[in-house]
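Good morning, and thank you for joining this group meeting.

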Amino acid sequence: MPTQQLDYFASLVAEDERLPLTEAAIAVAQHAYPDLDVQGVLDHIDQMAEKLKTRITPETSAIQRLQILKHYFYTELGFGPNPNDFYAPENSYLHQIIDNRRGIPISLAILMMELGNQIGLKIRGVSFPNHFMMRISLQQGEIIMDPLTGASLSKNELQEMLDPYLDAKGYRGELSLPLNIFLRASSPREILSRFLKNLKMIYSEHERWERLLGVQERLVILLPDSLEEIRDRGLIFAQLEYLRPALADMQRYLRESPEAEDATEIRDHIATLEGQTKLH
């Protein structure tokens, strides 16, 4: 694991106030593309923004700016979903998305937010269950927009999308949660966490342990107080037979969370690993 790239990522996400979401999201891909030129990708996005800026004057209203952005992004550049392979990891890597014009909601939203912010629009990400959204503040009110298509969604449409999630979680009847709770703007750290967890899920399902470790290392850096992420890194280390770092992570997890639901399971893992280290 190139420590230089992890140090760079750590420097980007060190402070909430100045976390550069777009740069950090591009930098995530360095675990899979070690030679990636992050600044080159940022320059490419800036070139797109420069084209947009030529179509805007100080008199262009926010709603007109949004229409110009949507036309440019979805119609001219042709950004959208990848229906043939929605869960391909490439749909999460911004440099690939810029080349292929195909992404998932959160990756397309990060690009849209960057372009929008460069032309004076206040676009924020919303960690809506099962489908990342964008929230745009206009004089006329707040718009919730689908990053896959640019469509604005009504409260009824959003509620319909939310209901299966509420049913699955048992948030019904007296426990029912209002829609607005799910429409609040997310911080850059929250967005990056969801972005990384998408990749984590993809690589976990395909058991691509080296790739998964690169993602997990960044999750531990991004969420240093999350013992679950430290535990998961330990489990990935174990899969790769990196026994000492695996033990260190799992022992720390138990030390700081001795009453965890999976404590017995993790103790069993540790016992197995300790047996293996004696054999080595």
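Let me begin with a definition: two strands are said to pair if DSSP finds at least two bridges between them. Helices (H or I, at least four residues) and strands (E, at least two) are DSSP runs, numbered from the N terminus. The model is predicted, so that local features need pLDDT of at least 70 and side-chain atom pairs count only at pLDDT 80 or more, while totals for chains, interfaces and linings use all residues. Residues are numbered from 1 along each chain as its sequence is written, and side-chain values use heavy atoms, with hydrogens and water left out.

First, the sheet. In general, strands of a sheet pair through backbone hydrogen bonds, in either a parallel or an antiparallel sense. Here we have an open sheet of three strands, in the order β3-β4-β5, with antiparallel pairing. Its edge strands are β3 (123-126) and β5, each of which pairs on one side only. From one strand to the next, the twist averages 30°.

Between β3 and β4, the antiparallel pairing extends over four bridges. Within this pair, Arg124 stands opposite Arg135 in β4, and Ile123 has Ile136 of β4 as its bridge partner. The hairpin of β3 and β4 has six residues between the strands, and Asn130 takes a positive phi near 70° there.

Strand β4 (residues 133-138) is joined to strand β5 (residues 141-145) by five bridges, and the two run antiparallel. They also form a hairpin, with two residues between them. In β5, the residue opposite Arg135 is Ile144.

Helix α6 (residues 105-118) packs on the sheet and touches β3, β4 and β5, where contact means heavy atoms within 4.5 Å. The direction of α6 makes about 160° with that of β3. For such angles, axes are lines fitted to C-alpha atoms, for helices over the stretch in contact, and the angles run from 0 to 180 degrees between N-to-C directions.

I turn now to the charged pairs. A salt bridge is a side-chain nitrogen of Lys or Arg within 4 Å of a carboxyl oxygen of Asp or Glu. How many salt bridges does this rule give? The count comes to 15.

Glu142 is partly exposed, at a relative accessible area of 41%; buried means under 20%, exposed over 50%, and partly exposed in between (1.4 Å probe, protein chains only).

Asp232 and Lys200 form a further salt bridge, at 2.7 Å from N to O. This pair links distant parts of the chain, 32 residues apart: Asp232 lies in helix α10 (residues 227-239) and Lys200 in helix α8 (residues 188-205). Are these two residues buried or exposed? Asp232 counts as buried because its relative accessibility is 15%, and Lys200 is buried at 13%.

Arg233 forms a salt bridge with Asp249, again with closest N and O atoms 2.7 Å apart. Here α10 is linked to helix α11 (residues 243-256), the partners being 16 residues apart in the chain. Arg233 and Asp249 are both buried.

Salt bridges with shared partners join Lys197, Lys200, Glu229, Arg231, Asp232 and Asp262 into one network. Glu229 is placed in helix α10 and counts as buried because its relative accessibility is 5%. Leaving aside residues up to four places away in sequence, Glu229 touches Lys197, Lys200, Gln216, Leu219, Val220 and Leu223.
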